[in-house]
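Q: I am new to this structure and would like to go through it step by step. Could we begin with the terms?

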Amino acid sequence: PHESFMRKGSMLIIKMQISLVEALCGFTRTLETVDHRKLRIGSPRGAVVKPNSWKIVEGEGMPKKNGG
């Protein structure tokens, strides 16, 4: 098991808490991926993040068989 990420199928999941100000006004965070790359994620100003919401980062996660 990884200390930050959980695996669900080919998805890697990290639980992140953000403040009310971040949820309403936007935020940017830098995460270290399993293969030690830096990945910036966030929410732009004006895009309200609702409680218990998910953010999907296309092209990240576990590799699939046959490169798909």
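A: Contact here means that heavy atoms lie within 4.5 Å. The model itself is predicted.

Q: With that in mind, which residues is Leu24 in contact with, leaving aside its neighbours within four places in sequence?
A: Apart from those neighbours, Leu24 is in contact with Gly46 and Val48.

Q: And where is Leu24 found?
A: Leu24 is found in helix H1.

Q: Why does Leu24 count as partly exposed?
A: Its relative accessibility is 45%, and partly exposed covers the range between under 20% for buried and over 50% for exposed.

Q: How far apart are the C-alpha atoms of Leu24 and Ser43?
A: They are separated by 9.3 Å, while the two residues are 19 residues apart along the chain.

Q: Then on to Ser43: buried or exposed?
A: Ser43 is buried, because its relative accessible area is 12% and the cut-off for buried is under 20%. Ser43 lies in strand E4.

Q: What surrounds Ser43?
A: Beyond its neighbours within four places in sequence, Ser43 is in contact with Gly26, Phe27 and Val49.

Q: How does E4 pair with E3?
A: The two strands pair in the antiparallel sense, over 6 bridges. Within this pairing, Thr30 stands opposite Arg40 in E4.

Q: What about the hairpin of E3 and E4, how many residues are between the strands?
A: There are 5 residues between them, and His36 takes a positive phi near 70 degrees in this hairpin. Thr33 is also found in the loop between strand E3 (27-32) and strand E4 (38-43).

Q: Is Thr33 buried or exposed?
A: Thr33 is buried, with a relative accessible area of 9%. Leaving aside neighbours within four places in sequence, Thr33 is in contact with Phe5, Leu39 and Glu60.

Q: Changing topic: what is the volume of the largest pocket?
A: The volume of the largest pocket is about 1,400 Å³. Its lining has 43 residues, and those nearest its centre are Ile13, Ile14, Trp54, Lys55 and Ile56.

Q: Which elements give two or more residues to that lining?
A: They are strand E2 (11-13), helix H1 (20-25), E3 and E4. E4 gives the most, with 4 residues.

Q: And how do the lining residues divide into nonpolar, polar and charged?
A: The lining of the largest pocket holds 25 nonpolar, 10 polar and 8 charged residues.

Notes:
Residues are numbered from 1 along each chain as its sequence is written. This is a predicted model: local features need pLDDT of at least 70, side-chain atom pairs count only at pLDDT 80 or more; totals for chains, interfaces and linings use all residues. Side-chain values use heavy atoms; hydrogens and water are left out. Buried means under 20% relative accessible area, exposed over 50%, partly exposed in between (1.4 Å probe, protein chains only). Two strands pair if DSSP finds at least two bridges between them. On a 1 Å grid over the protein atoms alone, a cavity is a set of points where a 1.4 Å probe fits but cannot get out, and a pocket is an open set with protein on both sides within 12 Å along at least five of seven lines; lining residues have an atom within 4 Å of a point. Grid points are joined across faces, edges and corners, and a volume is the space filled by probe spheres set on the points. Ala, Val, Leu, Ile, Met, Phe, Trp, Tyr, Cys and Pro count as nonpolar, Asp, Glu, Lys and Arg as charged, and the others, Gly among them, as polar.
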